[in-house]
Amino acid sequence: MGLKALCLGLLCVLFVSHFYTPMPDNIEESWKIMALDAIAKTCTFTAMCFENMRIMRYEEFISMIFRLDYTQPLSDEYITVTDTTFVDIPVRLYLPKRKSETRRRAVIYFHGGGFCFGSSKQRAFDFLNRWTANTLDAVVVGVDYRLAPRHHFPAQFEDGLAAVKFFLLEKILTKYGVDPTRICLSGDSSGGNLATAVTQQVQNDAEIKHKIKMQVLLYPGLQITDSYLPSHRENEHGIVLTRDVAIKLVSLYFTKDEALPWAMRRNQHMPLESRHLFKFVNWSILLPEKYRKDYVYTEPILGGLSYSLPGLTDSRALPLLANDSQLQNLPLTYILTCQHDLLRDDGLMYVTRLRNVGVQVVHEHIEDGIHGALSFMTSPFYLRLGLRIRDTYISWLDKNL
């Protein structure tokens, strides 16, 4: 009996030491976030074990967990919710039921999930989009773009752009009673990446008649050109999203070849002809001084991959690589960043770049924020941080859209 208790105790110590991440002092509801982090790391560990044992691939296991959280399109007394398609792209549509004397504003939302997971059908995103439609009396569209690694870049971007272009057609705007001058593209994390890239494309395409009034980017991931930013170093073993997980997911966005994540971990993945792009992601210039701290900037090492992936130099995949002329036409932009987030510096650098070319930017920095907080504002967690970000996002939209 004593030996069994000892073994159990040792296993518990091993478990805690492997999955425990110290919480920053300013974290609200730290016990909830500690539990979330342990669950996330446990799922990642299990998925990697299954992959190493060839039971199932990492992304298959995580996707299975995500699908358990999908919801049905349930309408209520205020909103009609339907699952439909825009040019064969699945979307979840939210239409307010109350009559309106004028055309409504609209929000098109791209969900997060590292390009590999998730859906607008997830409980948290369904809740967010339903809340947006009801609170703003707005038409809301949640886009279910194709996912990696079954579909690599540019499938996700192409789906997002096609859905937005379809929605911007005069007949579709009229059908749903949408004001073409009051349309917003929003997204979080990888969805923020897609919202950014699609907005860049729409605003610079002379053939698209109706444009976007504003873009809202919630803790977006906008580059992987430099995989060793200060926020990467500070949050290498961070809350919910670690550097290794981020590298694995973004690698699957481009390829299943294990050479890419191997090179990315060493910051050696960019092709030889890409040095001219480094100025667009040079954190030693673009980051506010308080976030640079005492870190020393070194350029990524070129040519660590034996082959070249075109997506690594494509601004449709990595919107922070867009040149200044592509940024000048962008609309009013709201960017939310979180202090304890691996992707923090992507958003901060984009704020600087947009302001440098004269784009109006509103930046909200959440000092106690973590990545993916919006995903945990519903049952069973009801994370206050997620609800706070939701309210900040909705309030800003209400005043500006």
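**Entry 1: the annotated site**

I began with Asp341, which I found in the loop between β7 and α14. The model I am reading is a predicted one. Asp341 has 1% relative accessibility, so I noted this residue as buried. Setting aside residues up to four places away in sequence, I listed Tyr219, Ser231, Asn235 and His371 as the residues Asp341 touches.

I then checked the record. In an unreviewed entry, UniProt lists Ser189, Asp341 and His371 under "active site". The three span 183 residues in sequence, yet no two of their C-alpha atoms are more than 10.5 Å apart, so I see them gathering at one spot.

Next I turned to Ser189. I located Ser189 in the loop between β5 and α7. Is Ser189 buried or exposed? I put Ser189 down as buried, because its relative accessibility is 9%. Beyond the residues up to four places away in sequence, Ser189 touches Gly112, Leu218, Tyr219, Pro220, Gly221, Leu343 and His371. I was pleased to meet Tyr219 and His371 here, as both are also on my list for Asp341.

**Entry 2: the sheet**

I traced the strands next. In what order do the 8 strands of the sheet run? I read β1-β2-β4-β3-β5-β6-β7-β8, in an open sheet with mixed pairing. β1 (79-86) and β8 (361-370) stand at the edges with a single partner strand each, so one side of each has no neighbour in the sheet. From one strand to the next, I get an average twist of 20°.

I looked at one pair in detail. Strand β3 (residues 104-110) runs parallel to strand β4 (residues 139-143), and 5 bridges join them. One of the residues I followed was Ile108, whose bridge partner in β4 is Val141.

Helix α7 (residues 190-203) touches β3, β5 (178-188) and β6 (214-218), and its direction makes about 140° with that of β5. Helix α14 (residues 344-356) touches β6, β7 (332-340) and β8, with about 150° between its direction and that of β7.

**Entry 3: the nonpolar cores**

I went inside next. The largest nonpolar core holds 73 residues, and Phe110, Val164, Phe167, Phe254 and Tyr350 have the most contacts inside it. Which helix gives the largest share of this core? My note says helix α5 (residues 155-167), with 6 residues.

Another core of 39 residues lies apart from the largest one, and includes Ile27, Leu36, Leu332 and Tyr393.

**Entry 4: Ser227**

I stopped at another serine, Ser227, in the loop between β6 and α8 (230-234). Ser227 counts as buried, because its relative accessibility is 4%. What does the side chain of Ser227 reach? I found the backbone oxygen of Met264, at 2.6 Å. Beyond its neighbours within four places in sequence, Ser227 is in contact with His232, Arg243, Met264, Asn267 and His269.

**Entry 5: the domain record**

UniProt, in an unreviewed entry, lists residues 107-258 and 311-373 for "domain: Alpha/beta hydrolase fold-3". For residues 107-258 I noted 42% helix and 16% strand, with the end C-alpha atoms 37 Å apart. For residues 311-373 I noted 27% helix and 30% strand, with 28 Å between the end C-alpha atoms.

Key: Residues numbered from 1 in each chain as written. Predicted model: local features only at pLDDT ≥ 70, side-chain atom pairs only at ≥ 80, totals over all residues. Heavy atoms only, no water. Pairing = 2+ DSSP bridges. Helix = DSSP H or I, 4+ residues; strand = E, 2+ residues; numbered from the N terminus. Axes fitted to C-alpha atoms, helices over the stretch in contact; angles between N-to-C directions. Contact = heavy atoms within 4.5 Å. UniProt positions renumbered as here; feature names shortened; annotations may be inferred. Buried < 20%, exposed > 50% of the residue type's maximum accessible area, 1.4 Å probe, protein only. Core = buried A, V, L, I, M, F, W, Y, C linked by side-chain atoms within 4.5 Å. Polar contact = N/O pair within 3.5 Å; in protein donor to acceptor, adjacent residues only side chain to side chain.
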